[in-house]
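The sequence and structure come next.

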Amino acid sequence: MDVTYTPAIAEVIGKLEAGNPLPTLVPQKAWSTELTNALASSSLDDLFHGESVKNTTFGEAIKSGLLLWNDALDESHTISQELENQTGSYWHGIMHRREPDYSNSKYWFGRVGTHPIFPALRERALAVLKEIPNPSNALARIAQTIEAEEKWDAYQFIDWCQAAENGSDADVTGFLQQVQVAEIKLLLAYSYRNAL
């Protein structure tokens with residue numbers, strides 16, 4: 001995730017890390033209407049000022065991802081549904097998972113297939129699990145599942161998010177939120193590197 005973003009993108013990420021560090025799994029409204037409006041009205045030239053965007057699909061993916069982190073699902077969706085590549089489908093899938101429309105999310109993750117960030121996301125999930133003292137039985141089962149699988153299972157993660165929405169241990173929900181923000185950060189970094 002070692003990426004040096006442009007000042008405009010870094011500023012947005014800084015605001016989100018300070019004010020919305022662990023977005024809910026199913027947001028009810030945008031975290032910051034002001035930030036939504038600023039991002040929606042920003043061009044790629046505004047966000048990438050000083051850098052040459054070689055792939056506008058990935059450039060737009062950054063915008064979609066920042067809106068998604070800000071819980072602005074509709075605005076993120078407007079962009080992600082037009083991004084016709086694997087990473088665009090990933091942003092689209094996260095948006096539907098958070099909507100929540102779990103079956104639609106699985107459809108989009110089916111279009112993602114195996115994404116290059118999956119290994120790093122699995123490692124981050126395992127690191128988060130090691131930081132949780134005295135996990136509940138439900139979280140311990142999640143940990144066993146992740147440890148037993150060699151690859152990240154995006155469908156399983158969707159199922160866990162759905163179960164959490166229907167009432168789950170607080171530590172399970174907290175874990176899922178930590179993995180979700182790690183996923184967003186990894187996908188932002190991947191999108192940024194591929195935009196330039």
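## Largest pocket

Helix α8 gives the most to the lining of the largest pocket, with three residues. Helices here are DSSP runs (H or I, at least four residues), numbered from the N terminus. Both α8 (118-130) and α10 (154-165) supply at least two lining residues each. A pocket is an open set of points on a 1 Å grid over the protein atoms alone, where a 1.4 Å probe fits, with protein on both sides within 12 Å along at least five of seven lines; lining residues have an atom within 4 Å of a point.

The largest pocket holds about 160 Å³ of space. Its lining includes F109, F118, R122 and W152, and divides into six nonpolar, two polar and four charged residues.

## Basis of the values

The model is predicted: local features need pLDDT of at least 70 and side-chain atom pairs count only at pLDDT 80 or more, while totals for chains, interfaces and linings use all residues. Residues are numbered from 1 along each chain as its sequence is written, and side-chain values use heavy atoms, leaving out hydrogens and water.

## E183

E183 lies in helix α11 (residues 170-195). E183 is buried, with a relative accessible area of 2%; buried means under 20% with a 1.4 Å probe, protein chains only. Its contacts (heavy atoms within 4.5 Å), not counting residues up to four places away in sequence, include Y90, R97 and F109.

Notes
Buried means under 20% relative accessible area, exposed over 50%, partly exposed in between (1.4 Å probe, protein chains only). Grid points are joined across faces, edges and corners, and a volume is the space filled by probe spheres set on the points. Ala, Val, Leu, Ile, Met, Phe, Trp, Tyr, Cys and Pro count as nonpolar, Asp, Glu, Lys and Arg as charged, and the others, Gly among them, as polar.
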